[in-house]
Amino acid sequence: MKHLIDPLDFTVEETLELLELADQIALDSAPYAMACRGKILATLFYEPSTRTRLSFESAMLRLGGSVLGFASAESSSVSKGESVADTIRAVSCYADICAMRHPKEGAPLVASHYSGIPVINAGDGGHQHPTQTLTDLMTIRRKRGRLDQMTIGLCGDLKFGRTVHSLMKSLVRFGDIRFVLISPEELRVPDYIMQDVLLAHSAPYREVETLEEAMPELDILYMTRIQKERFFNEEDYVRLKDSCILTADKLRAAKSDLAVLHPLPRVNEITAEVDNDPRAAYFEQAQNGVYVRMALILKLLEVAAC
Ligand code: NCD
């Protein structure tokens with residue numbers, strides 16, 4: 001039985017296969033409309049979510065399956081003190097596959113050790129978010145036609161932003177990617193990402209503090225929200241929250257075929273005027289999240305189109 005806990009749980013070949021399938025589904029989803037009839041997806045969300053949970057549920061419903069689950073720890077037996085291990089043992093009796101989001105790093109991995117069904121990590125603390133990465137890769141590939149030979153700017157909260165960690169971990173395998181890491185000094189990528197991802201793959205990178213320093217060279221700009229909920233004190237958040245804001249004015253210095261991505265939710269790091277720029281790809285990215293999750297559910301449940 002296969003789980004998706006870390007982006008590296010799928011090889012480059014498996015990742016590309018999944019993206020191919022997602023592209024096919026985007027083109028014509030009709031052959032998949034009943035592929036998961038009789039199957040149940042459980043969404044176990046111990047942390048807030050809009051896109052990830054709803055796109056998982058939408059994906060399963062569009063495959064003809066059903067969904068159950070909870071959207072906050074308070075509404076489950078966790079509030080009574082139940083462990084993740086016990087919860088997943090029970091959920092394995094009620095569902096065929098589960099997506100779990102948890103504030104503790106490693107919780108979905110622990111769950112996978114006790115689970116009788118495939119577990120998908122839908123975000124664990126400031127650690128990893130592999131299904132957002134699949135969504136990001138699908139969007140990058142559709143925008144640029146490839147996943148190598150490009151300069152990608154990652155901007156915002158690179159320290160706590162799990163989407164950034166997973167994206168770097170996966171992308172570095174595709175080769176010839178230059179990273180420009182755009183953040184205030186205090187929000188730079190954690191050491192383990194620096195060591196295990198960038199240095200281990202000898203990936204070219206540079207660190208800058210402003211968008212202006214990076215803009216002209218970028219093929220992809222990946223914006224992120226400052227992760228307020230992971231700060232230890234409010235003061236630091238208030239001081240750093242407006243560090244990097246993408247405006248229409250700053251975009252003037254960018255390439256005409258740049259693609260701007262954002263996992264969403266956005267707070268104020270991209271001004272609303274940017275939404276009308278043809279380079280803004282973040283709503284298309286949210287749409288791709290459904291296709292990629294449909295492909296992922298099919299793959300993990302080993303079901304084909306009917
Ligand atoms: C992200 C997350 O939860 O990590 N959102 C998402 O899944 N689309 C990004 C964020 O919360 O900033």
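**Exercise 1. In what order do the four strands of the open sheet lie, and is their pairing parallel or antiparallel?**

The model is predicted, so local features need pLDDT of at least 70 and side-chain atom pairs count only at pLDDT 80 or more, while totals for chains, interfaces and linings use all residues. Residues are numbered from 1 along each chain as its sequence is written, and side-chain values use heavy atoms, with hydrogens and water left out.

Step 1. Strands are DSSP runs of E with at least two residues, helices runs of H or I with at least four, both numbered from the N terminus, and two strands pair if DSSP finds at least two bridges between them.

Step 2. The order is β2-β1-β3-β4, with parallel pairing. Because β2 (66–70) and β4 (119–124) each have a single partner strand, they stand at the edges, and one side of each is left without a neighbour in the sheet.

Step 3. Strand β3 (residues 97–102) is joined to β4 by four bridges, and M100 stands opposite N121 in β4.

**Exercise 2. Work out which residues of helix α1 are buried, and where they lie around its axis.**

Step 1. With buried meaning under 20% relative accessible area and exposed over 50%, partly exposed in between (1.4 Å probe, protein chains only), the buried residues of α1 are V12, T15, L18, L19, A22, D23 and I25.

Step 2. Seen down the axis, these buried residues fall within an arc of 160°, so they line one face of α1; the arc is that of the directions from the helix axis to the C-beta atoms.

Step 3. On the other side of α1, E13 and L27 are exposed.
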